[in-house]
Amino acid sequence: MNELHLIVAGQAGQGLQVISRTLGRLLVRAGYHVFVSQDVMSRIRGGHNFARVRVSTRPVAADGDKAEILIALDTKLVGKHTADLAPDAVVVTDAAGDLPEGLNAMRLPLIDLAREHGKDPVMVNAVAVGAALALVGLEPAGLEDLFRSQFASKGEDVVRRNMAAAEAGYRAVVEDVKRSCPHKLVTLGTVPVRGQSPGAERGDRVLISGAEAIALGAIAANVRVVTGYPMSPATPIVEYCFRHAQEAGLIVEQTEDEVSAANLAIGAAFAGARAMTCTAGGGFCLMNEALSLAGMTETPLVLCVGMRPGPATGFATRTAQADLLFSIYAGHGEFPRAVLTPADAGQAFHAAQDAFRIAEMYQTPVIILFDQFMADALWTVERSELRVENRQEAKGKGEMANDRSGRMNRQERQVPEGEEAYGYRRYEMSESGVSPRLLPGTPQQLVYADSDEHNEAGHITESAAMRVRMVDKRNAKTAGIRQELGAPKVEVKVEAEVEAEAETLVFCLGSSRGVVAEAVARLRDKGRKVVMVHLSHVWPFPAETVARLVEKIEKVVTVEQNYSGQLAQLLSQECGLRVAGTVRRYDGRQFTVAEVEAGLEELIGEKVD
Amino acid sequence: MPDTNAWATSAEKTWCEGCGNFGILNALRAALVAAKLEPSQVVVVGGIGQSGKVTQYLGANFLHGLHGRALPHALGVKLANPGLKVIAVGGDGDMYGEGGNHLLHAFRRNLDIVCLVHNNGVYGLTKGQAAPTSGPGFATKNRPMGTLVPAFNPLAAGLAMGGSFIARGFAGDLKHLTRLIGDALKHKGFGFIDILQPCVTFNHVNTFAWYRERVYDLALEGHDTSDADAARARALEWPTETGDARIPTGILYRSRRAAYESCGRPGKPVVRLKYDLGVVKRALGDFE
């Protein structure tokens, strides 16, 4: 067996995220690839939350099929997962309460152990971690170091109690197996550990959520001001920044509303700080006027927009890809923007850096559009993939100015050469559409940023001729942004695959990538000539790349998490493609590999040999 | 034509003749000159309406943004670069209507900026609709029978929200208003001034003459600006249709509540911080 799947279920407030992350990190340290997804209800306590943990010897970016291990902290929840379990799956649950018939159940006094060894029923999460380790065949010794890094600020006593509870959970499983065997245990003992091959060391890989990767990418890009009003799924980005504000030199503001969050960021960016605001679709609606202002005043602004199912409040804690067209067209008037759609934590880390680079170079808003699933899942990423790009540009202390040709200039606070005192013109015409940027505070110069239509200095104008020149200037930046973004991160492999007689291209975006990749791989194993193309940015639309890819293709289909096939609409609008069909899901849950495989098979049609 | 270092700009002024805005612009400029501030070190942030056009005419750096959003913009500028002197300017629609939520929280936050509200009790640029500060019975095209609800009381609201500098000026008393703005510039915290500004085109009730008959200077009547109870009583003074109450001007309340320091705010302005690659490397270690 090369893979193992666990489900950890419990009520909100029982620390499921702690369990899955702790377990996941320990497994990554042991050399495995881990993928963790979260299924969370919009409530504070009670209910039914669960995490899926997939452990593998090869990279994984989607949930697996059936689980071999279920750990249910609340016995009542076992019944909700019987359909998710592989035959003979081990079910670990509390000794209290009734269970459905016919399960390979291991009843352990989880809560009592937490009380006894952890001195607190909440330590049931540590008991569960210990039990899980015994089930998969790993020693609990490595836990102490992990607990210490997680709970250092809470004191040594908390570390000790967690450790005692975890060891109790571990022992309980080992003893239960001795006493009441035969439990058919599925352990990792038989799984070869790739990372323990010579040369591989702890620290080669990290387990990180998409939201954390966005925050870290922003810090790598020299962000200085982060704003937001709490809203799932963007909240973890702001929370990460709050926790690291002191160390990373950030100002993090929770504002009175999203309107304030976006406008505060614009003010900060005008003053010269790299600024980012974080929200979800509903909050983004409130930010639309500010988005338009950033376009008009030519202020760099990065917006992290999380997609969850709408309209309105919809499903607060679940996933969707229904704000794709909205993010491309949001805001009144016409102005340039970029919309990036990272697939996973690795791409998210780079998307944040790309976003700041483009916003700063082209003095315009950039949207990082992500789905809830991407933000909340934990992804195993090679450290070598998490490079800090454009270090020279990032070092510009957030006071990047642009020279006359629109290139970024690190000599901040310098008046453009030959500029007379008070002669600076914020919106000076240029071929690229980008004007030299000075910051307020520059001696002997004044900087005017204007929401009204304005002349080159930045003063209000009602001139028809100036209006046309300014509209042309602003929108000229789209060409540069398109060039800067280049082709989406379509792997070289895809191009080669397309060359090799592909018949069907499957387009997807966001976190669907991991699922679609596996489904497509299965179809190719069955001899179907199908290739996946994931778009890591959707605006400016990479029309040239897409046109080149589809040149010899018979059929184009999409896989997307919305009702109306928005990516298909975009392909049709931007490339004139007729999309043959769309595999859709809009119940707020991530696709499974099996359903995408089946859906694609149906769209592709009968296999012709 | 380049603007000069004389607190003036090349922009043509588009206000009505005799508008109260001229008085406010002149008082602001005089106060900035008296405070010996350099135009390049001042950022004026404006809302949308006739009041926001102060940004265009003053001769300092400006961000002329959105209706109601001057305070979030001002907050952003000041947090990013505390070395700049930041002044937010808006009308009653900006600050008491569209951006009312921002104002309430600005009082609480107490960031070190100045906030000037051109309060003319009517919407000018959209041609004569009622404002949050229009008095009961104030007839407009939209409500010919008069406004149906009581006027918004910015001074009382500011006191309730813990504001640290709450004042009222009058566009018809340039000397007094200049001194008041000077005091707000010196104040370490949110320096708020509600400025009574006659609208010569649309407001035929609250005219220069109407105000002149009713305003009085608190400083001349022995008002204690540190007494919150006294300030609350003064904030409620306003003429009714039948009553003959007067209108207090000057500083109603001033406290030394510490100005806002952002969470995690580093020792020096973030726009001056050096880039540190080590932060990312160390942070990634938490995920091993």
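Predicted model: local features only at pLDDT ≥ 70, side-chain atom pairs only at ≥ 80, totals over all residues.

Q: Which element gives the most to the side of chain B that touches chain A?
A: The contact joins 51 residues of chain B with 67 residues of chain A. On chain B, at least two residues each come from β2 (61-64), α3 (70-80), α5 (100-109) and α10 (277-285). With eight residues, the element that gives the most is α3(B).

Q: How many residues of the side of chain B that touches chain A are nonpolar?
A: This side belongs to the contact of 51 residues of chain B with 67 residues of chain A. Its residues include 17 polar and seven charged ones. The nonpolar residues number 27.

Q: Which element gives the most to the side of domain 1 of chain A that touches domain 2 of chain A?
A: The domain assignment places domain 1 of chain A at 3-197 and domain 2 at 207-394, and their C-alpha centres lie 33 Å apart. Contact between them involves 15 residues of domain 1 and ten residues of domain 2. On the domain 1 side, α1 (16-29) and β2 (33-39) of chain A give two or more residues each. The element that gives the most, with six residues, is β2(A).

Q: Why is one side of β9 and of β20 of chain A left without a neighbour in the sheet?
A: Seven strands of chain A form an open sheet of mixed pairing, in the order β9-β8-β10-β11-β13-β12-β20. β9 (251-254) and β20 (537-539) stand at the edges of this sheet, so one side of each has no neighbour there, as each has a single partner strand.

Q: By how many degrees are neighbouring strands of the open sheet of chain A turned against each other on average?
A: The sheet holds seven strands, among them β12 and β13, which pair in the parallel sense over three bridges.

Q: At about what angle does helix α13 of chain A run to β13(A)?
A: Helix α13 (residues 345-362) lies across β11 (301-307), β12 and β13 of chain A. Two of these strands, β12 and β13, are paired, with A:Val366 in β13(A) as the bridge partner of A:Ala338. Relative to β13(A), the helix runs at about 165°.

How values were computed:
Residues numbered from 1 in each chain as written. Chains lettered and ligands numbered in written order. Contact = placed C-beta atoms within 7 Å. Helix = DSSP H or I, 4+ residues; strand = E, 2+ residues; numbered from the N terminus. Nonpolar A, V, L, I, M, F, W, Y, C, P; charged D, E, K, R; others polar. Domains from an automatic or database assignment. Pairing = 2+ DSSP bridges. Axes fitted to C-alpha atoms, helices over the stretch in contact; angles between N-to-C directions.
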